[in-house]
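Have the model open and follow along.

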Amino acid sequence: MAEETMLAPLPWGREVIEGILPHRDPFVWVSRIVAIEPGASIEGELDVPTDLDIFRGHFPDHPVLPGVIIMEALAQAASIAVLQSPELRGCIGFLTGIDGAKFRRQVVPGDTVTLKATIVKSSRRLVVADVEASVDGEVCATATQKYVLAPKE
């Protein structure tokens, strides 16, 4: 990642996010980054579109964003924080574990989900983050996630 990305003014939009993460449509689950302490913590947001194709099947009469997608959005946000550490740039993070996941509120079409992550352990190989998703200050999901880092090839 280019040095200027770390210096780009916040909020970071899709262009900066895609400059850090390998994900592309339809699997980018972070709309913007609003605060970051590289390698330590991050706050991002996910705008949940009302016409998201996944709602045709989950569930047609009561659309709800799947919990696994919320966990993925949190992992992507945490990865952005981790990959902004100068020594970890050029790596890719793979989600390897989710401990203590709790889902407390449904996320529905039109919501903006706040994604927060605090990195509690980080090395060249393993990262552990405490993550929280919320909507309008109401907690939707929490967990401790683990990621393995590998060089992009």
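Where is Ser134 found? Ser134 sits in strand 5, with strands (E, at least two residues) and helices (H or I, at least four) taken as DSSP runs and numbered from the N terminus. Before going further, a word on the ground rules: this is a predicted model, where local features need pLDDT of at least 70, side-chain atom pairs count only at pLDDT 80 or more, and totals for chains, interfaces and linings use all residues. Residues are numbered from 1 along each chain as its sequence is written, and side-chain values use heavy atoms, with hydrogens and water left out.

Back to Ser134: its relative accessibility is 7%, so it counts as buried (under 20% relative accessible area; exposed is over 50% and partly exposed in between, with a 1.4 Å probe and protein chains only). Leaving out residues up to four places away in sequence, Ser134 touches Thr112, Val113, Thr114, Val139 and Cys140, a contact being heavy atoms within 4.5 Å.

Now zoom out to the strand. Strand 5 covers residues 126-135, and seven of its 10 residues are buried, so it is largely enclosed by the rest of the structure. On one side, strand 4 (residues 112-122) pairs with strand 5 in the antiparallel sense over eight bridges; pairing takes at least two DSSP bridges between the strands. Here Ala117 has Val131 as its bridge partner, and three residues separate the two strands in their hairpin. Strand 5 also runs antiparallel to strand 6 (residues 138-151), joined by 10 bridges, with Asp130 opposite Thr144. Two residues lie between the strands in that hairpin, where Asp136 takes a positive phi near 50°.

What about the interior? The largest nonpolar core has 44 residues, meaning buried Ala, Val, Leu, Ile, Met, Phe, Trp, Tyr and Cys residues joined through side-chain atoms within 4.5 Å. Those with the most contacts inside this core include Leu65, Val113 and Ala133. Among the elements giving two or more residues to the core are strand 4, strand 5 and strand 6, along with helix 3 (67-83). Helix 3 gives the most, with 12 residues. Pick out Leu65 and, neighbours within four places in sequence aside, you'll find it in contact with Leu46, Val48, Leu52, Phe55, His58, Ile70 and Val107.
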